[in-house]
Amino acid sequence: METPTPDPYDLLGVGIGPFNLSLAALADRAAGLSTLFCEARPEFRWHPGMLVEGARMQVPFLADLVSLVDPTSPWSFLNYLREQDRLFPFYFAERFQLPRREYDHYCRWAAERLPACRFGTEVTALRWTEGLFAAELTDTATGARRTVRARNAVLGVGTRPVLPEAFGALAGHPRAWHSADYLDRRGELDDARDITVVGSGQSGAEVFLDLLRRRGADGTRLRWLTRTRALAPMEYSKLGLEHFTPDYTRYFHTLPAAVRDELVTAQWQLHKAASAETLAEIHDHLYERTIGRPIDSAPVEITPGTAVTEARPGPRGGLELRCRHVDSAAEHLLRTDAVVLATGYRAARPALLGPLAALIDWDEAGRYRVGLDHRVATLPELTGGLYVQNAELHTHGVGTPDLGLGAHRAAVILNAVAGRTVHRLPARTAWTGFAPPAPAAPHPGDGAAAPTSTDGPGATATATAPTGFPRPQEWPRAAAASR
């Protein structure tokens, strides 16, 4: 029989997606640390609407819950394969990128076995009282309520589908919905003879490819609209991928907020584009389909550089999209039977934070101010650690939603909560130096005193590692995030 964990917990996790699941897995063997992770859903589910057959991850299998921090963990993907008797099939498959369905199954395997994970348990409110977080929990099956206390809390509630403003008039329309619901609602498109996909990222590419495969031979017109001027592939060069390292995160965090916001937008090809493989599959499908026929014989339209400025219900149950060509500013009206919006996701403030809202130091845009260790800045009276996962794109950069940094972020949070090194992390992870080099130290012969070198906590900001970053002990600490 499982021994009840004493209350208060050292760490309460709100939401169980891949990132909080990673934290639960890395905390599982942390001696003397009590944790609880709560999820309202009855079981683990990872983007179930996009588990399209044949779709693959965009990161290697080592971007699992633990391996990039602790490859010896029993919660690694390789150990999952061993438990499933799939090591040899995986070995012979020779694929670094997993099928999405297998990654989902791996996460469910871990979530069902980690003793700290509680599904069907919704955190409805989070308060700060008597020096502790008090979380109101509701059993989603029975409605029973209880309160647990914790010294620290981490929000891993995920992001929400984005409905662009131009589509506001179609909110709730049965023929216009987000790609997050694609598999659940794909059957509703069976009688549509003209289908439009909006969005140039991986989700848009996968939905369009799936529709090509399923509806390519029945005469249905399939259209792919993107505001982006080109269907450029995701940046996947080896040095380009160093933007998804802790080194780049540390550099990005030092930049002024306005510069960070500009960078996130400018770096769309690092985190919002489709994979080159998916784009190639679309091209291959169209190539095969038009053998022996004119290239324009297939009822397919791929139109980048086209923004939808207004969408509304049309005649006979259809939809009307008013479009503007980005380069020429020419406008046209497009009529279609259905729209799938592959328009991304965005972090949103969860309602459960209502009781804490006045104690959080929000930035000018109403977003969290987040320290390098992912701790949210709060007013002085809130002395516990409130952390976020995948809600800090504006402070930590393009690696925020990337699964490859999930285990590292979880380890950073766990080390901060424990106040000790539970998991040793590397001081250097990239060959690229993102920051400018520090000013050269004056030569003793120039008449200036040479700086004293020290590796202790008082090391000066001009002491540099080989990449030009401040030495690890000088990076901002948890205390800097709490006000």
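A polar contact is taken as a pair of N or O atoms within 3.5 Å; within protein, one atom must be able to donate a hydrogen and the other to accept it, and residues adjacent in sequence count only if both atoms are side-chain atoms. The model is predicted, with local features requiring pLDDT of at least 70 and side-chain atom pairs counted only at pLDDT 80 or more, whereas totals for chains, interfaces and linings use all residues. Residues are numbered from 1 along each chain as its sequence is written, and side-chain values use heavy atoms, with hydrogens and water left out.

Helices (H or I, at least four residues) and strands (E, at least two) are DSSP runs numbered from the N terminus, and two strands pair if DSSP finds at least two bridges between them. Strands β12 (residues 194-198) and β13 (residues 221-225) run parallel and are joined by 5 bridges, with V198 standing opposite L225 in β13.

Axes are lines fitted to C-alpha atoms, for helices over the stretch in contact, and angles between N-to-C directions run from 0 to 180 degrees.

The axes of α6 and α10 come within 9 Å and cross at roughly 25°. The two helices are therefore roughly parallel, a term applied to angles under 35 degrees. Residues of α6 including F208, L209, L212 and R213 meet residues of α10, among them I282, H285 and L286.

Within helix α10, H285 counts as partly exposed because its relative accessibility is 23%; this class lies between buried (under 20% relative accessible area) and exposed (over 50%), for a 1.4 Å probe and protein chains only. Residues up to four places away in sequence aside, H285 touches L212 and R213. A polar atom of the H285 side chain lies 3.3 Å from the backbone oxygen of L212.

Notes: Contact = heavy atoms within 4.5 Å. Parallel < 35°, antiparallel > 145°, perpendicular 65-115°, else oblique.
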